[in-house]
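Here is a short report on one protein model.

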Amino acid sequence: MTQPINFLLSRSSMKLVTAPAPNDGDLARILQAAMAAPDHGSLQPWRFKIIRGPAIGKFADFSIGLRQQSDTPFTPEKEAATRAWLSEVPMIIAVACHIDYGNTAISETERVLATGAAVTNILNAAYMLGYGAFWSTGIATYIDEFQAGLGFDSLDYRFLGFIAIGTPKMSIPQKKRPHYTQFIDEWTEPLDV
């Protein structure tokens, strides 16, 4: 059996996915993994919308339509490529962070970090179950009407993108990762400032 640490060390995002999507049992396990994310104050700020079946086409039309009306529309080639990609994606999980203005003890930053940790658990669980997954902030993520159209009112939520998930269309390529030592220093005492 592969050790869990090896899954973490070898996980890579896979944008090119196709049907089948996770079945209901696997999806439940993937989403339950999100519930194990670190979460200061146990606020569970993450919110997810599952988009699948005919709703994928509506998602594509809605998001691309908004993008084309924006200040940065897609070129015809990019629009065609995006539509082709989404036509094969069997499931999308839209991700938002709930902002509770009544709780001032835990900052919005910590809530967003907790939601990001939940997404990381989703990506890892999907990979461990043999699926490909890709967290995207593309298409129309930063257009307010997109967030609202997905049911995440901008007064109460910060939309953080969406996860495309399904069966990898090919072997998931292994990326060459930098060695962790490039990103650390050892701290021993306060610096003079």
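Helix α1 (residues 4-10) gives the largest share of a nonpolar surface patch, 3 residues. The model is predicted, so local features need pLDDT of at least 70 and side-chain atom pairs count only at pLDDT 80 or more, while totals for chains, interfaces and linings use all residues. Residues are numbered from 1 along each chain as its sequence is written, and side-chain values use heavy atoms, with hydrogens and water left out.

**Surface patch**

I5, L8, L9 and M128 make the patch, which covers about 390 Å². Patch residues have over 30% relative accessible area and no salt bridge; like charges are joined within 9 Å, and nonpolar side chains (Val, Leu, Ile, Met, Phe, Trp, Tyr) within 5 Å. A salt bridge is a side-chain nitrogen of Lys or Arg within 4 Å of a carboxyl oxygen of Asp or Glu. Areas come from the Shrake-Rupley method with a 1.4 Å probe; for residues, only the protein chains shown count as cover. M128 sits in helix α5 (residues 108-128). Helices (H or I, at least four residues) and strands (E, at least two) are DSSP runs, numbered from the N terminus. M128 is partly exposed because its relative accessibility is 36%. Buried means under 20% relative accessible area, exposed over 50%, and partly exposed in between.

Helix α5 also holds N124. N124 is buried, at 15% relative accessible area. N124 touches L8 and R11, leaving aside residues up to four places away in sequence. Contact means heavy atoms within 4.5 Å.

**Cores**

The largest nonpolar core has 26 residues. Such a core is a set of buried Ala, Val, Leu, Ile, Met, Phe, Trp, Tyr and Cys residues joined through side-chain atoms within 4.5 Å. F59, I92, I139, F146 and L150 have the most contacts inside this core. At least two of its residues come from each of α3 (54-69), α4 (76-88), β3 (91-98) and β5 (157-168). The largest share, 5 residues, is from α3. A second, separate core has 24 residues, including W46, I93, C97 and A125.

**Strands**

How many residues of β3 are buried? The count is 7 of the 8, so β3 is largely enclosed by the rest of the structure. Strand β2 (residues 46-52) runs antiparallel to β3, with 7 bridges between them. Strands pair if DSSP finds at least two bridges between them. F48 stands opposite V95 in β3. β3 and β5 are also antiparallel, joined by 8 bridges. H98 has Y157 of β5 as its bridge partner.

**Backbone details**

Most residues other than glycine have a negative phi, and most peptide bonds are trans. The table lists departures from this.

| Site | Backbone value | Location |
|---|---|---|
| A19 to P20 | cis, omega near 5° | P20: loop between β1 (17-18) and α2 (24-34) |
| Q44 | phi about 45° | loop between α2 and β2 |

I139 is buried, with a relative accessible area of 9%. Beyond four places in sequence, I139 touches S63, I64, R67, F74, T82, W85, L86 and F162.

Definitions and conventions. Buried < 20%, exposed > 50% of the residue type's maximum accessible area, 1.4 Å probe, protein only.
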